[in-house]
Amino acid sequence: MSTPPPPHWPPPPARQEYGEPALNGFALASLLVGLLCLPPLGVLFGIVALVQIARKGERGKALAITGMVVSLAMTAALVLVADRAGERLFHRLDTLEQYQDVEGELTAMDDMRAGDCFNVPGGDLLAERPFIYKIACAEPHEGEVTSSTRLAGGAAFPGDPELRRTSVDACWKAQDAYAMDSWALPSYAEMFYFGPSHESWSGGDRRLLCVIGTAEQEHRGSLRKDATMLTPEQVAFLRVMNEVDLALGGEPEEEIDEALPRYLEWAGAVDRALGVEAGLLDGVRERPELAGPAGAQLKEVEAARAGWRRAARATRPAEFQAAWDEASAALSVDAEKALRGAYGLATTVPEWLAGQSDGSDGDPEDSDGGSAGDSDGASPSAL
């Protein structure tokens, strides 16, 4: 008896392998291209990746979105950088065009000295550390150096307000020594200075260049009229008068009710300066050619001193203002004009004093305390 064969069992079905969907290549390319080379292309790759992922069920949707965001941000940054670079390029092209019209020889600021005349691109004396083109003073020029010095100071920047005060004070004194007869300056002459900026100070820059600017009108010739070009009597008189102008110009910047103690100190300084003037005038009253004008000026100076002394003792802002007004009204431009004529000096009343030329009360707050307007050059940075 034979044994039947075993039944035939079919083989088990093949087990199907299930794996993760493939990563979309455009999603990865979107991020890499956006970061490394062409951000606009990265945006395009991101869009293509999202379309393919939705159709094929591939992975990388978050990566594609990230690539698009990064590419958009990088594109915006590139546009901003290109815009700024274009502005600088066009500015340089404009500046180069200006340079072609500047007369003179390009000279380093450190090489300029008192008595040198110069031009600047576009006649802009308010530019921060401008390029200076030295030229003979007999030729048309826009600036004349009254002083070139180095400021004292440590490594720490003194601050813009302190640097400005120091520079303005130094340059008014330099101008008064360089062009002592302030009434002889043309109406368009102004005081400018070029000093260190916060950034250049840290690099060791301490140069302060004081300048008489004449850019408003075409000007030829030097404005120098220092002690070597005047008589001893004229020099003595102008030194005293310029010190008075400087004292009067030292008015605090704050309102009286905000800084009364500083105003009291200022009034005392003006009184002392006028006291020196009174001593000079009293000493020349015996000279026939000066007796009349000096006596008239002395009478006004003494009246003004009385007002300034009352101002220096004031306890309330209103009291100070009243004494200040009285002291200012005591001095007339006409008396000073006559005295300057007696000394053989200029008698054309400057514009900054013209409002008082009729002997009327002037607004004390309108006085510059100097021969020309105070303008800031560099801070420049510059102040």
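Buried means under 20% relative accessible area, exposed over 50%, and partly exposed in between, with a 1.4 Å probe and protein chains only. Helices (H or I, at least four residues) and strands (E, at least two) are DSSP runs, numbered from the N terminus.

The model is predicted: local features need pLDDT of at least 70, side-chain atom pairs count only at pLDDT 80 or more, and totals for chains, interfaces and linings use all residues. Residues are numbered from 1 along each chain as its sequence is written, and side-chain values use heavy atoms, with hydrogens and water left out.

**Exercise 1. Find how strand 5 sits in the structure, and which strand it pairs with.**

Step 1. Locate strand 5 at residues 190–194. Four of its five residues are buried, so the rest of the structure largely encloses strand 5.

Step 2. Look for its partner. Strand 5 pairs with strand 6 (residues 207–213), antiparallel, over five bridges. Two strands pair if DSSP finds at least two bridges between them.

Step 3. Pick one bridge. Tyr193 has Cys210 of strand 6 as its partner.

**Exercise 2. Work out the strand order of the sheet and name its edges.**

Step 1. Six strands form an open sheet, with antiparallel pairing, in the order 1-3-2-4-6-5.

Step 2. Strand 1 (105–107) and strand 5 are the edges, since each pairs on one side only.

Step 3. Ignoring direction, neighbouring strands are turned by 45° against each other on average.

Step 4. Strand 2 (residues 117–119) and strand 4 (residues 143–150) run antiparallel, joined by two bridges. Here Phe118 stands opposite Gly143 of strand 4.

**Exercise 3. Identify the main members of the largest nonpolar core.**

Step 1. Know the term. A nonpolar core is a set of buried Ala, Val, Leu, Ile, Met, Phe, Trp, Tyr and Cys residues joined through side-chain atoms within 4.5 Å.

Step 2. This core has 37 residues; Phe237, Trp266, Leu274, Trp308, Phe320, Trp324 and Tyr343 touch the most other members.

Step 3. Find the sources. Helix 6 (232–248), helix 7 (260–284), helix 8 (288–312) and helix 9 (317–330) each supply at least two residues. Helix 7 gives the largest share, eleven residues.

Step 4. Separate the other core. Another core lies apart, with 13 residues, among them Phe157, Leu163, Ala174 and Trp201.

How values were computed
Axes are lines fitted to C-alpha atoms, for helices over the stretch in contact, and angles run from 0 to 180 degrees between N-to-C directions.
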